Amino acid sequence: MEFPMILLDPRRYWKAPHVNAEALSGAVELIKPRRFMETTFFRYTARAAARLRSLSTLGALVSAQGRVLERGPGFSFSPSQAGNTWKILERFIKARLGTQPRGSVAMEQSSPAEQQSNQSPARPEDAGHPWAVTESLHLRRFLCYGSESATYSTRERTLGPENALALMELVQAGRGQEVVEEVKRLSLEGKTVRPNPALFALAVCTQYSDAPAKQAAFRALQELCKAPGQLFIFVQYKKELKDGLRCGMWGRGLRRAVSDWYNGQDALSLAHTVTRCKHRAGWSHQDLFRLSHMKPANDSIELISKYVTKGWKVVQETYAEKENSEELLKVFAYLEAVEKAKHSTDEQEVVHLIEEHRLEREQILTNHLKSKEVWKALLKEMPVAALMRHLGKMTADKVLVPGSPEVAAVCERIQDDQALTKAKTHPFGVLVASENYKRGHGKRGKRKWEPNRDIVHALDSAFCKSLSNVEPTGKRFVVGVDVSASLSSLALGSSVSTIAVAAAMSMVIARSEPEAEVLIFSEGAMVPCIISDDTSLIQVTAQLVQVLSAGTDCALPIEWASENDKTVDVFIIFTSNETQFGSTNPAEVLRTYRQKTGVFSKLIVCGMATNGLAVADQDDRGMLDICGNIGDVSKIWLGTGSSHTAAVNLRSWSESGGRRMLEDAFTVDVPA
């Protein structure tokens, strides 16, 4: 295979047997420098070179990357982002070839980001500095949000060995058991934003020959996979790693782990599970039952196994006229109800089955979901979060009619303190539901409705009540809202305006934290925002639109704290601009502030309408960039124990299920 084919589709050809080191090295030398700024091409070419153990190709990669960085502006990546790509290659060489890249591979010059970092005083990577970035921190970053860098993007990326180098290094070094314990701790304490990185890490631990680590990973699977979808994703990761690492998959360990997952559940709960979520990530329950050679632990599990693998007709023939235990009869009746609901054409029969067996929307056919009576039946047991998501549809379909008992019941449930607390409803989740409902039409499609006034009032009341669900962290906050640009635009991927996002999050922090100050700023202006216990969201929003100016300088809140001798643990900045730098670099200003106060403060920059930010210093565990679109959310909270500059994507925060979800990934408590 000639090297032009590699350049056209490196993802496909990087491990092709006909690719040789000479062709790959020649391709790298001849390709235009701009091509090396494309992350996919760069990574897969590096993977091909590592597979071939070709130092000459890796040297050509580094050299070409240096030429790109030398050319300066006009490319899609900023210098700091290009520096991150440089570090990816450097660590990749070290992990795959066991080679120190600076000594073994000829680098023609250092990256601009690296040059800048060498000039900065008091760098965190200095030996003994409490905020130095370590391999363990890289692992915790990956487990928390799927990236080893100090930039968190809400756009979920495909996970692979190339973006989990610290994980691979630790497992290859025989520290797999430590990795498993860290995975369990972060996941069970609710400090992960997404579940997939933890599942990927467990899959990696099971692919190596470290027997204790493999056993620990399979045992942890029982604790971490709460839903069948997560089990399917884990198995898919195993399949992908099998292809990449050239190892087996369905060994005794995986077969036993999958069997134990099914056998470890209550029979009635398992019946609900296999009928509610049937397949995901290319796998189904039938696939796992068959490939794991599962032996049911009892008669009830055996009935479910037969239902999944052979169908309802065989189950009927086997158990209908047989004397069965009470538990088995309950499972049989539940599966029978699900099957009747799937095939019945009688609306009243479906309603009766929903009410008697508490069937959920996912177990009902689409045709039945066009019925008002079916929705009224589902409404009685619907979780609060799901109820808020479907308010628009139920209003459009005339299920919720003004003055009806259904509207009264919905309003009562939405405002119920105990229901909101039990559902762990975050104020921002209520805000998103409210804005979606007030909009009067769906994001896609032609569905429209007239918002019900009572429901709108109930949602506003629920927002205020849910503020009490946010537990204080005890940290000292300064929240800065950048108003240098119009805040009327929508947050990316959301129906909520950026000004509403900033106002809501400012309220959440100010009302939950005893020591929090909110500032409205733009270049040349800094105004306090007054938020008390009786301040409404509209009043906060009105304050944010009073100060408008051109130019963004995200360092202003830190400079203000320094000038006014304020001791701050966490700086949070909300901005809708793509330009984060004014006359000074916020990262440098933060380091100066730390030196002055003796407090290792953190910086979180929330980019509400931008796909990319480059504020965080990648080598400082006290900074994090979170960027991306803001989707429908149910929970958001800043893990203010976190030590990162966050250009925030609020969507994935909501999926984490914990207010301090980033805390342990980035922070150590350091005495002043």
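# Exercises on salt bridges, helix packing and exposure

The side chains of K376 and E373 meet in a salt bridge, 3.7 Å from N to O. A salt bridge here is a side-chain nitrogen of Lys or Arg within 4 Å of a carboxyl oxygen of Asp or Glu. The model is predicted: local features need pLDDT of at least 70, side-chain atom pairs count only at pLDDT 80 or more, and totals for chains, interfaces and linings use all residues. Residues are numbered from 1 along each chain as its sequence is written, and side-chain values use heavy atoms, with hydrogens and water left out.

**Exercise 1. Describe how α21 and α22 pack.**

Step 1. The two helices pack at an angle of about 5°, and their axes are 9 Å apart. Axes are lines fitted to C-alpha atoms, for helices over the stretch in contact, and angles run from 0 to 180 degrees between N-to-C directions.

Step 2. Angles under 35 degrees count as roughly parallel, over 145 as roughly antiparallel, 65 to 115 as roughly perpendicular and the rest as oblique. α21 and α22 are therefore roughly parallel to each other.

Step 3. On the α21 side, E347, Q348, V350, V351, I354 and E355 meet E373, V374, A377 and L378 of α22. Contact means heavy atoms within 4.5 Å. The residues of this contact divide into six nonpolar, one polar and three charged. In this scheme Ala, Val, Leu, Ile, Met, Phe, Trp, Tyr, Cys and Pro count as nonpolar, Asp, Glu, Lys and Arg as charged, and the others, Gly among them, as polar.

**Exercise 2. Which parts of the chain are tied together by the salt bridge of E182 with R140?**

Step 1. The closest N and O atoms of E182 and R140 are 3.9 Å apart.

Step 2. E182 lies in helix α11 (residues 176-188) and R140 in helix α9 (residues 135-145), so the pair ties together parts that are 42 residues apart in sequence.

Step 3. E182 is buried, because its relative accessibility is 15%. R140, at 14%, is buried as well.

Step 4. A network of salt bridges links R140, E182, R185, E189 and K191. A search of the whole structure finds 22 salt bridges.

**Exercise 3. Are the loop residues R358, D565 and S292 buried or exposed?**

Step 1. R358 is found in the loop between α21 (347-357) and α22 (372-379). Phi of R358 is near 55°, a positive value in a residue other than glycine. With a relative accessible area of 57%, R358 is exposed.

Step 2. D565 sits in the loop between α31 (556-563) and β7 (570-575). Phi of D565 is near 55°, a positive value in a residue other than glycine. Its relative accessible area is 62%, so D565 is exposed.

Step 3. S292 lies in the loop between α17 (285-291) and α18 (299-310). S292 is buried, at 3% relative accessible area. Not counting residues up to four places away in sequence, S292 touches W250, R255, V258 and S259.

**Exercise 4. Summarise the protein as a whole: how many helices and strands does it have, and how many disulfides?**

Step 1. The protein has 34 helices and nine strands. Buried residues make up 55% of its 672 residues.

Step 2. Among contacts with a separation of 6 or more, 70% come from residues 24 or more positions apart.

Step 3. The structure holds zero disulfides, a disulfide being a pair of cysteine sulfur atoms within 2.5 Å. As for cysteine accessibility, C464 is partly exposed at 43%, and C529 is buried at 7%.

Note on methods: Buried means under 20% relative accessible area, exposed over 50%, partly exposed in between (1.4 Å probe, protein chains only). Helices (H or I, at least four residues) and strands (E, at least two) are DSSP runs, numbered from the N terminus.
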